[in-house]
Amino acid sequence: QVQLVESGGGLVRPGGSLRLSCRASGTIVSIDYMGWYRQAPGKQRELVAQITGGGSTTYADSVKGRFTISRDNAKNTVSLQMNSLNPEDTAVYYCNSRIWAGAGANYYWGQGTQVTVSS
């Protein structure tokens, strides 16, 4: 059984920073890409950032220059450093990953962590 567990959400003032982390656990053979999505109230879930096994990164235009995604392959973790946060970043953030475990590869989601940017 593979699980993704996020941590690091919370309440922050505009202009502040937060760091999210996600750790994959279970019977893992290998991990392809790891990424972060977010879903604000009344909106569709959207990709925030993703990183391949080789370290290539992709960011949503709205977070370029403010967010940085990184991964630690030895620890099966992915992190999202979020700087210069603004109220539009308020959402539930979800970790997502394509993981090879057992018979094949599947996509897994974390339970989500709330990020609220407010004064």
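Select Y37, Y94 and W109: together they form one aromatic cluster. Rings of Phe, Tyr and Trp (its six-membered ring) pair when their centres lie within 6.5 Å; planes under 30 degrees apart are called stacked, over 60 edge-to-face, and the rest tilted. By this rule there are three aromatic pairs. Keep Y37 and W109 on screen: their ring centres are 5.1 Å apart and their planes stand at 65 degrees, so this pair is edge-to-face. The pair joins distant parts of the chain, with Y37 in strand β4 (residues 30-39) and W109 in strand β10 (residues 104-109), 72 residues apart.

The model is predicted: local features need pLDDT of at least 70, side-chain atom pairs count only at pLDDT 80 or more, and totals for chains, interfaces and linings use all residues. Residues are numbered from 1 along each chain as its sequence is written, and side-chain values use heavy atoms, leaving out hydrogens and water.

W109 is partly exposed, with a relative accessible area of 40%; buried means under 20%, exposed over 50%, and partly exposed in between (1.4 Å probe, protein chains only).

Now select strand β9 (residues 91-101), where eight of the eleven residues are buried. Strands (E, at least two residues) and helices (H or I, at least four) are DSSP runs numbered from the N terminus, and two strands pair if DSSP finds at least two bridges between them.

Which strands pair with β9?

- β4 pairs with β9 in the antiparallel sense over eight bridges; look for M34 opposite S97.
- β10 runs antiparallel to β9, joined by six bridges, and I99 stands opposite N106.
- Strand β11 (residues 113-117) is antiparallel to β9 over three bridges, with Y93 opposite T113.

Zoom in on the turn between β9 and β10. These strands form a hairpin with two residues between them, and G102 in the turn has a positive phi of about 70 degrees.

Finish at T77, in strand β8 (residues 77-82). Is T77 buried or exposed? T77 is buried, with a relative accessible area of 17%. Contact means heavy atoms within 4.5 Å. Leaving aside neighbours within four places in sequence, T77 is in contact with C22, R23, M34, S70, R71 and D72.
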